[in-house]
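Please look through the sequence and the structure shown here.

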Amino acid sequence: MEDGRETAAMREQKRKDRQIALENTDSDIGLCGWILVLFSILLTLLTLPLSIWMCIKIVKEYERAIIFRLGRILRGGAKGPGLFFILPCTDSFINVDMRTITFDIPPQEVLTKDSVTVSVDGVVYYRVQNATLAVANITNADAATRLLAQTTLRNVLGTKNLAEILSDREEIAHSMQSTLDDATDDWGIKVERVEIKDVKLPLQLQRAMAAEAEATREARAKVIAAEGEMNASRALKEASLVIAESPSALQLRYLQTLNTIAAEKNSTIIFPLPIDMMQSFMKH
């Protein structure tokens with residue numbers, strides 16, 4: 001755990017160092033750059049108050065603005081939310097949305113570790129944590145994150161067998177989140193959550209699994225029925241031993257059976273026949 005914390009702290013420190021290196025560029029614009037900046041300021045003052053509408057910009061609460069002066073990021077990093085000023089001739093800016101962004105991972109055909117082809121899709125939640133890095137370190141952070149999520153999904157599922165994919169979705173999602181978060185750290189992006197939505201199996205495999213489950217249930221039912229027959233035979237054996245010890249018990253059992261049949265109010269007529277009489281016929 002301590003090693004994980006140290007690694008996260010080191011990554012955070014490296015990210016801050018890269019941001020500081022990107023922001024501290026005002027002193028490198030050179031003499032010509034300063035001349036252009038002074039000329040832009042002078043032109044802005046001469047054209048007041050019309051130029052004020054070109055200098056004042058507004059960013060919303062969930063946005064940040066990265067200002068470029070002569071192609072270099074302005075000292076101080078991202079601006080906003082609220083009002084900020086730019087020079088019309090030398091400055092340009094890019095708005096970065098800081099809200100959480102959600103996108104679906106398209107269904108990916110994946111060959112599992114046990115050589116089964118499945119189609120898996122998912123959803124990813126991420127947000128821009130550092131607007132400066134998201135603009136300066138990558139061309140299109142959103143597109144790069146989408147492509148990386150698809151590749152990561154295929155790589156992670158390729159190391160799992162079918163049973164693990166069906167039962168360990170939370171572990172797979174957590175592994176994907178950690179991998180994506182580490183990969184997008186240099187882009188100033190924080191992957192907040194990854195979820196596996198659906199796992200689609202081939203039709204033939206679904207039939208095979210259904211047949212296997214049905215056979216398993218039938219086998220279990222037969223085992224339960226056999227255990228019930230065995231218990232019933234044991235109970236009948238014990239009952240026969242009790243009846244053999246007391247001959248009158250058989251007559252009482254016979255009368256109880258008659259009482260049960262009479263309670264049902266049916267038209268069945270029973271003629272009692274002594275078993276001793278049958279035994280005498282069997283002897284002859």
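**A walk through the predicted model**

L70 has its place in the loop between β2 (63–69) and β3; helices (H or I, at least four residues) and strands (E, at least two) are DSSP runs, numbered from the N terminus. This is a predicted model, in which local features need pLDDT of at least 70 and side-chain atom pairs count only at pLDDT 80 or more, while totals for chains, interfaces and linings use all residues. Residues are numbered from 1 along each chain as its sequence is written, and side-chain values use heavy atoms, with hydrogens and water left out.

Although L70 is not a glycine, its phi is positive, at about 55 degrees. With a relative accessible area of 34%, L70 is partly exposed; buried means under 20% relative accessible area, exposed over 50%, and partly exposed in between (1.4 Å probe, protein chains only). S115, also not a glycine, has a positive phi of about 65 degrees. S115 lies in the loop between β6 (101–111) and β7, and its relative accessibility of 60% makes it exposed. Most residues other than glycine have a negative phi, and most peptide bonds are trans. A cis peptide bond, with omega about 0 degrees, joins G80 and P81. P81 sits in the loop between β3 (72–73) and β4 (82–85).

Strand β7 (residues 117–128) contains S119. S119 counts as buried because its relative accessibility is 14%. Leaving aside residues up to four places away in sequence, S119 touches P107, Q108, E109, D198, V199 and K200, where contact means heavy atoms within 4.5 Å.

The next stop is a helix. L153 belongs to helix α5 and is buried, with a relative accessibility of 0%. What does L153 touch, not counting residues up to four places away in sequence? The residues are I105, Q108, V120, M176 and I196. The C-alpha atoms of L153 and D121 are 8.4 Å apart, although 32 residues separate the two along the chain.

Two packed helices are described by the angle between their axes and the distance between the axes. For helix α5 (residues 141–157) and helix α7 (residues 169–183), the axes come within 10 Å and cross at roughly 135 degrees. Axes here are lines fitted to C-alpha atoms, for helices over the stretch in contact, and angles run from 0 to 180 degrees between N-to-C directions. The two helices are therefore oblique to each other: angles under 35 degrees count as roughly parallel, over 145 as roughly antiparallel, 65 to 115 as roughly perpendicular, and the rest as oblique. On the α5 side, the contact is made by L148, A149, T152, L153, V156 and L157, and on the α7 side by I172, S175, M176, T179, L180 and A183.

Cysteines come next. The structure holds 0 disulfides, a disulfide being a pair of cysteine sulfur atoms within 2.5 Å. C89 is in no disulfide, and the nearest cysteine sulfur, that of C55, is 8.9 Å away. C32 is exposed, at 59% relative accessibility.

Finally, the whole chain. The protein chain has 10 helices and 8 strands. Of its 284 residues, 26% are buried. Among contacts between residues at least 6 apart in sequence, 69% join residues at least 24 apart.
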